[in-house]
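Me: I'd like a close look at one part of this model, taken slowly. Could you walk me through it?

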Amino acid sequence: MIAILCAGIATILIPRRIPVKLIGMIVIRLTGVWLGEWGTGLLRQRYAINYSFLNWSIEGVPIVPAIIGSAVILYLVTSFLKWGRYYK
């Protein structure tokens, strides 16, 4: 549920239609959390970047990396599909 909330916040940050509604939300949620955790791990390992807000988590889900990762995945998916139209 926390990851769904992070994907919902990502749709607020990048107001685009999610393709295939529920299935698209699940895919964006899972890949966004994975991308966010991978990206922050890479930043910690290579560049020794370790800000405290990157470690905020609820039930083991890192909040800020999950939101950023979901926003990036949402942008990439909707950019390459013609469903990616902005809300009006």
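In which helix is the place of V64? Please go on from there to the surroundings.

Reply: V64 has its place in helix α3. Keep in mind that this is a predicted model. With a relative accessible area of 17%, V64 is under the 20% cut-off, so it counts as buried.

What does V64 touch? Setting aside neighbours within four places in sequence, V64 is in contact with F53, L54 and W56. There's also E37, 27 residues away along the chain, whose C-alpha atom is separated from that of V64 by 9.5 Å.

The whole structure has three aromatic pairs. One of them joins Y51 and F53 in a stacked arrangement, 5.7 Å centre to centre with 10° between the planes. Another is F53 with W56, and that pair is edge-to-face, at 6.4 Å centre to centre and 70° between the planes. Ring pairs tie Y51, F53 and W56 together as a cluster. As for accessibility, Y51 is partly exposed at 49%, F53 is partly exposed at 34%, and W56 counts as exposed at 52%.

Helix α3 covers residues 63-80, and its axis comes within 8 Å of the axis of helix α1 (residues 2-13), crossing at roughly 55°. That angle makes α1 oblique to α3. The crossing of α1 past α3 is right-handed. On the α1 side, the residues are I2, C6, A7, I9, A10, T11 and L13, and they meet I63, A66, I67, S70, A71 and L74 of α3. Sorted by class, this contact has eleven nonpolar residues, two polar ones and no charged ones.

Helix α2 (residues 21-47) packs on α3 too, at an angle of about 120° and with the axes 7 Å apart. That makes α2 oblique to α3. Here again the crossing, α2 past α3, is right-handed. From α2 come I28, R29, T31, G32, V33, L35, G36, E37 and T40, which meet P65, A66, G69, S70, V72, I73 and L74 in α3. By class, that gives eight nonpolar, six polar and two charged residues. E37, whose C-alpha lies 9.5 Å from that of V64, is among the α2 residues in this contact.

So the picture around V64 is this: a buried residue in α3, in contact with F53, L54 and W56.

Terms used: Residues numbered from 1 in each chain as written. Predicted model: local features only at pLDDT ≥ 70, side-chain atom pairs only at ≥ 80, totals over all residues. Heavy atoms only, no water. Axes fitted to C-alpha atoms, helices over the stretch in contact; angles between N-to-C directions. Helix = DSSP H or I, 4+ residues; strand = E, 2+ residues; numbered from the N terminus. Parallel < 35°, antiparallel > 145°, perpendicular 65-115°, else oblique. Left-handed = near helix turned anticlockwise from the far one by under 90°. Contact = heavy atoms within 4.5 Å. Nonpolar A, V, L, I, M, F, W, Y, C, P; charged D, E, K, R; others polar. Buried < 20%, exposed > 50% of the residue type's maximum accessible area, 1.4 Å probe, protein only. Phe/Tyr/Trp six-rings, centres within 6.5 Å; stacked < 30°, edge-to-face > 60°.
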